[in-house]
Amino acid sequence: MIFDSLIPDTALSVAGLTDYIRLLLEEDQHLRQIWVTGEVSSANNHRSGLFFTLQDTNGTATIKCVVWNSQLAKLAQTPIRGEQLIILGSIRLYPQRGEYQLTVWQALPAGAGLQALRYQQLKKRLEAEGLFDMERKRSLPIHPQIIAVVTSPTAAAWGDIQKTLKHRYPGLQVLFSPATVQGDLAPASIVKAIERVERDARAEVLILSRGGGAVEELACFNDERVVRAIANCPIPIISGIGHQRDESLADLVADVCVHTPTAAAERVVPALSELYNQHRQRVAALHEAVHESGEIAENQLQLLKDRLRRLGLERLVQQEVQNLGWQRQQLLQVTMGRSQQATQHLEMLRQKLASIDPKAVLQRGYAVVRQENGAIARSAAKLTVGEDLLIQLGQGEVKVKVVEVNKPPRQGSALGGFPDLKQLPRQGRQDLNG
């Protein structure tokens, strides 16, 4: 037939065509691991997994997707209708239905959601390093004399800070380190401004600030470079960024965090008026404490006096004083009596000693004869003719030579009539010896 001549021998069956298309799709290197972005238009949970449809934001194209239950818990973002997602998956063709769909391995938030995910990931990583720990935060100086400010020179925040500092603490020295605080160049500019303050090394505290703005305008304060510059700064840093919004990573790593530039200036220095009021309050409190302490001490003293009066200790003390006075008089009398007795006894001994003093005997005309060897000559029988003798008189001495020796008629007589001490009565010798 004519139709048989028109059909080529190479015609494919449906299965063959489907297999060919499946090979084209599943073996393509780009389609085996591909990222696709779109909006979830529908989502249905099934016992085997989650089936959803991803479409372009303008609705011109759609693709069916599936996340098997084994992979569902590993997704960073669960597909929910109306959300923008970035999908990682591979194309699979199902011959029975003649359809293809995207088997999803991972789903990430897109747009603002992607920024939030990156923020959370960076926050967790820095938090794991301990950059947000309270233990590493330093206290601000109570009365700083020099402070530094990092912000934009054209921002209203700089004017608010200057006005607040001048009003609260006149005479304070402020070092300004300008920086760009919005846009792609802001992170590097803020880091340089902080390093400039570090090199100057005069500031006691640093204010990092900018006014309010949209979340994307404040993105530079979530930059890792800025966060690490704050963490590594040796000067305490107070952040005042934006108005009543979620905390940035710069707020979390700063030593102190407030919500506005004005609040930062108020926190960094005390108001002189407040200091004066505090001083007056302390003086009043001190006077009151001293007065109260004096009253308490006086009351305690009166209580002790009353207790002493009730115990009769004053009368006992007076009796003891009188008793001690009487004993003192007795002691003086006894001591004086014994002293007089000792003085009299000493005088008697002195007189006795003087009476037998050889010098006193010599003064009465007696003499002492000594031989050449210094011994006292006690017997003429022991002297020889020609021997030299030394005669000691009451005044002076005389050297003589023996020309004649007359032996005494009896033993025991003393030379020259000088009494022999051995012949004195025993009582006299005892008195001499005391």
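**View 1. Strand β6 is largely enclosed by the rest of the structure, because six of its six residues are buried.** Buried means under 20% relative accessible area, exposed over 50%, and partly exposed in between (1.4 Å probe, protein chains only). This is a predicted model: local features need pLDDT of at least 70, side-chain atom pairs count only at pLDDT 80 or more, and totals for chains, interfaces and linings use all residues. Residues are numbered from 1 along each chain as its sequence is written, and side-chain values use heavy atoms, with hydrogens and water left out. Both faces of β6 are covered. Ile146, Ala148 and Val150 are buried on one side. Ile147, Val149 and Thr151 are buried on the other. Helices (H or I, at least four residues) and strands (E, at least two) are DSSP runs, numbered from the N terminus.

**View 2. An open sheet of five strands has the order β7-β6-β8-β9-β10.** Its pairing is parallel. The edge strands are β7 (173-178) and β10 (256-258), and each pairs on one side only. Neighbouring strands of this sheet are turned against each other by 20 degrees on average, direction ignored. Axes are lines fitted to C-alpha atoms, for helices over the stretch in contact; angles run from 0 to 180 degrees between N-to-C directions. Strands of a sheet pair through backbone hydrogen bonds, either parallel or antiparallel. Two strands count as paired if DSSP finds at least two bridges between them.

**View 3. Strand β6 pairs with β7 and with β8.** Six bridges join β6 to β7, and the two run parallel. Here Ile147 stands opposite Val174 in β7. Four bridges join β6 to β8, again in parallel. Ala148 faces Leu206 of β8 as its opposite residue. β6, helix α6 (residues 156-168) and β7 make a right-handed β-α-β unit. A crossover is right-handed if, with the strands pointing away from the viewer, the path from the first strand over the helix to the second runs clockwise.

**View 4. Ser239 lies in strand β9 (residues 237-241).** Ser239 is buried, with a relative accessible area of 0%. Strand β8 (residues 205-210) pairs with β9 in the parallel sense over five bridges. Ser239 in β9 is the bridge partner of Leu208. Not counting residues up to four places away in sequence, Ser239 touches Leu208, Ala250, Asp251, Ala254, Val256, Cys257 and Val258. Contact means heavy atoms within 4.5 Å.

**View 5. Ala201 sits in the loop between α7 and β8.** Ala201 has a positive phi of about 65 degrees, although it is not a glycine. At 59% relative accessibility, Ala201 counts as exposed.

**View 6. Strand β13 (residues 397-401) lies largely in the open, because the number of buried residues among its five is zero.** Strand β12 (residues 388-392) pairs with β13 in the antiparallel sense, over five bridges. The bridge partner of Leu390 in β13 is Lys399.

**View 7. Cys65 and Cys220 are buried.** Cys65 has a relative accessible area of 1%. Cys220 has a relative accessibility of 5%. A disulfide is a covalent bond between the sulfur atoms of two cysteines. The rule used here asks for a pair of cysteine sulfur atoms within 2.5 Å. By this rule the model has zero disulfides.
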